[in-house]
Amino acid sequence: MPTFRDPVADADELREAVRGLAHATRSIEDPTSIYAVLGSISSALVSLSQSLHQLGQFHDGPTRKQAWMNGDSNAGRAASYRESWELHRAAEMIHQVGECVDRAHEIEATIAYDTRDYPSLAPVQRASRQPGMSL
């Protein structure tokens, strides 16, 4: 469960959830689930991009002035600036990836699957009707 307060615990949970998703999507038994999966991934990418921007903003603020690296405040500020740059850059890249996933999600909505190709989706065979009352 997300804590909404502990970024370390929530980041660990994200790592495990994405690892689980990678395992679960190795084989797709129900292709109709792809639409929901893409929708969830799209939403997750928006949040991930936001998180990276927020981490970058942390280094944009007063923290940069307080950063030290081996006793050298100039090196600390330079490292903080580089980290901020990379985090914002990664956030923008993930935003672009999210737009690609959004387009795939929209396209997936237009695809229909023949359930006969997927045994797990085949209609359930009902017992033939018997004369008399059923219980």
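Let me begin with a definition: a residue counts as buried under 20% relative accessible area, as exposed over 50%, and as partly exposed in between, using a 1.4 Å probe and protein chains only. By that criterion, buried residues make up 16% of the 135 residues in this protein.

A word on the basis of these values. The model is predicted, so local features need pLDDT of at least 70 and side-chain atom pairs count only at pLDDT 80 or more, whereas totals for chains, interfaces and linings use all residues. Residues are numbered from 1 along each chain as its sequence is written, and side-chain values use heavy atoms, with hydrogens and water left out.

I turn to the overall architecture. The protein has 4 helices and 0 strands, where helices (H or I, at least four residues) and strands (E, at least two) are DSSP runs numbered from the N terminus. Read from the N terminus, the order of elements is α-α-α-α. Of the contacts (heavy atoms within 4.5 Å) with a separation of 6 or more, 64% are accounted for by residues 24 or more positions apart. The accessible surface, computed by the Shrake-Rupley method with a 1.4 Å probe, comes to about 10800 Å². Carbon and sulfur atoms hold 59% of that surface.

Next, the charged side chains. A salt bridge here is a side-chain nitrogen of Lys or Arg within 4 Å of a carboxyl oxygen of Asp or Glu, and the structure holds 4 of them.

Which residues does arginine 15 meet in salt bridges? One partner is aspartate 12, with an N to O distance of 3.8 Å. Both residues lie in helix H1, which covers residues 7-24, and they are 3 residues apart, about one turn of the helix. The other partner is glutamate 16, at 2.6 Å from N to O.

Glutamate 16 also forms a salt bridge with arginine 19, the closest N and O atoms being 3.7 Å apart. This pair, too, lies in helix H1 with a spacing of 3 residues, about one turn. Through shared partners, salt bridges join Asp12, Arg15, Glu16 and Arg19 into one network.

How accessible are these four residues? Arginine 19 is exposed, because its relative accessible area is 59%. Arginine 15, at 46%, counts as partly exposed. Aspartate 12 has a relative accessible area of 38% and is therefore partly exposed. Glutamate 16, with 37%, is likewise partly exposed.
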